[in-house]
Amino acid sequence: MNKTTNALPSQFNEIGNEWHNAVQRAQRFNRLLTTDADIAQTPKELVWALNKAKLYHYVPVVPEAERKPVPLLMVFAIMNRPHVLDLRPGHSFVEYMLKRGYDLYLLDWGAPGPEDQGMKFDDYALEYLPRVIRKLKAVSGSSEFSMLGWCLGALISTLYASLRPDDGLKNLILLTAPLDFTDKTAGAFTRWTSNASFNPDLIVEKLGNVPGEMIDAGAKLLKPVENYVGSYVMLWDNIDNPGTTEAWHAMNTWVRDIIPMAGSAYKQLINEFYKENRLIEGSLVIRGEHVKLSNLTANLLNVIAESDHITPPCQSERIMDLVGSSDKEVFRVRGGHIGIMAGRGAEKSTWPHIESWLAARSA
Amino acid sequence: MSSGNNESFNPFDPSQMFKDMRNAGMDAWAKTMVELVNTDAYAEASGSMLDAWLGGSGPFRDAVESATTNTLNNLNMPNRDDITRLAERMTNIEMRLDDLDAKLDELLLVVRSSSGEHHRDREEEPS
């Protein structure tokens with residue numbers, strides 16, 4: 001009898017503790033879903049701005065004598081923020097490269113407004129990017145530079161490198177570059193956009209710029225269960241693991257920060273690239289100039305994500321046979337579109353390979 | 001999604017068993033959904049639904065825009081088109097300023113290099 005009366009309060013205590021822990025977990029879960037983590041923390045200075053586009057220069061962290069002489073320009077996609085390159089302290093590609101002596105520049109395209117509805121890839125590749133590079137050369141004092149383009153940033157970089165091969169571009173790194181749309185069944189994006197019922201002209205006519213929410217939903221619907229359910233289940237399962245929750249919070253902050261895409265660029269992407277495959281077919285004309293991939297002569301590293309559901313590997317492979325570069329390499333990484341650069345394994349696989357490839361060509 | 005921790009399978013831990021079952025179910029569900037969105041039928045249906053939504057909501061959007069423009073005009077205030085045109089002009093001005101800035105950079109470079117040469121020449125002159 002005495003034993004039972006003693007056990008009861010401790011059982012109540014245990015239940016109380018469990019309840020308290022569950023409430024705390026729920027609060028933590030809610031905070032992670034609804035707040036923003038501190039991302040893109042590496043110190044940088046604004047060196048150029050035009051319309052919404054901004055060029056940042058990262059503050060070097062190694063003495064001048066140890067720095068690589070060829071600066072590196074990072075060009076991200078036009079429908080996402082580039083913060084994923086500098087996700088969080090301790091897990092940032094920017095931080096990794098700065099520590100190894102690179103003079104780093106980041107181009108942030110910014111969020112287009114209604115006045116930018118008419119912007120096309122022509123403008124990104126031949127109006128903005130040459131100005132960015134002109135400023136980069138003036139600030140760095142170097143006539144040569146390297147460029148890293150990711151996703152649509154890789155497409156823009158490829159256009160630029162093919163149209164302006166004598167502008168000082170020494171090394172070009174393409175990450176998950178959507179360039180070849182020959183296979184209309186490769187990846188759900190290609191299948192959706194190639195379908196006759198998909199009308200990008202009507203979207204742009206009715207909406208102007210394509211809302212970020214629409215682009216975000218399109219990307220998430222490629223893997224609906226993982227993105228709408230699995231991600232949150234994984235978070236709940238690991239809610240007591242600070243390392244995992246911090247990484248999730250940082251990534252979710254980047255994912256939530258959606259921006260629209262300029263209407264004309266969207267139309268051009270779907271019609272001229274996805275549907276008509278003009279770049280690979282050799283019929284693409286940008287501002288009256290015929291884009292010939294054979295004119296691309298910079299050293300080329302083509303990084304392909306083997307499990308990429310946004311840019312399937314076949315969309316990035318064929319460029320290797322068409323470019324004029326004599327120094328070219330394909331690097332295949334296990335992982336997805338974003339994971340190869342921002343995932344946990346990036347620091348051990350993708351970043352060191354990019355760094356060593358670039359180091360050998362940045363002297 | 002699956003935890004893949006069958007090595008640590010414990011028949012006396014019902015919560016882990018439940019988690020494993022849930023993960024297996026979600027994996028199968030995820031695979032089915034990926035296959036579903038990768039079909040032509042889904043592409044066709046989503047394209048048609050988008051068209052229907054854009055067509056259906058168009059008149060409402062046009063009405064709101066027209067009412068807003070009329071109200072702003074009656075209040076003698078700039079409407080969306082006015083602001084857009086102004087922003088476009090601003091971008092053009094910015095481009096000209098950018099070109100001027102680039103020319104200044106070039107001039108500075110020339111001045112610095114020539115003053116450096118001049119300085120070196122003076123240092124080399126016999127005293």
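Predicted model: local features only at pLDDT ≥ 70, side-chain atom pairs only at ≥ 80, totals over all residues.
The crossing of helix 6 of chain A past helix 2 of chain B is left-handed. On the chain A helix the contact is made by A:L202, A:I203 and A:K206, and on the chain B helix by B:D51, B:L54 and B:G58.

The contact between the two chains as a whole takes 26 residues from chain A and 27 residues from chain B. On the side of chain B that touches chain A, at least two residues come from each of helix 1 (14–37), helix 2 and helix 3 (80–124) of chain B. Helix 3 of chain B gives the largest share of that side, with 10 residues. The class division for the side of chain B that touches chain A is 12 nonpolar, seven polar and eight charged residues.

The next topic is the nonpolar cores. The largest of them has 96 residues, and the residues with the most contacts inside it are A:M74, A:L104, A:A125 and A:I156. Helix 3 of chain A (residues 121–140) contributes the largest share of this core, nine residues. Leaving aside residues up to four places away in sequence, A:A125 touches A:I156, A:L159, A:Y160, A:L163 and A:I286; A:I156 is itself among the residues with the most contacts inside the largest core. Apart from this core lies another, of five residues, including A:F189, A:W192 and A:F198 from chain A and B:A43 from chain B.

A:L46 belongs to strand 1 of chain A (residues 44–50). Is A:L46 buried or exposed? A residue is exposed if 12 or fewer other C-beta atoms lie within 10 Å of its own; A:L46 has 10 C-beta neighbours inside 10 Å and therefore counts as exposed. Not counting residues up to four places away in sequence, A:L46 touches A:K54 and A:Y56. From A:L46 to A:Y58 the separation is 12 residues in sequence and 8.9 Å in space, C-alpha to C-alpha.

How values were computed: Residues numbered from 1 in each chain as written. Chains lettered and ligands numbered in written order. Left-handed = near helix turned anticlockwise from the far one by under 90°. Helix = DSSP H or I, 4+ residues; strand = E, 2+ residues; numbered from the N terminus. Contact = placed C-beta atoms within 7 Å. Core = buried A, V, L, I, M, F, W, Y, C linked by C-beta atoms within 7 Å. Buried ≥ 20, exposed ≤ 12 C-beta atoms within 10 Å, placed from the backbone. Nonpolar A, V, L, I, M, F, W, Y, C, P; charged D, E, K, R; others polar.
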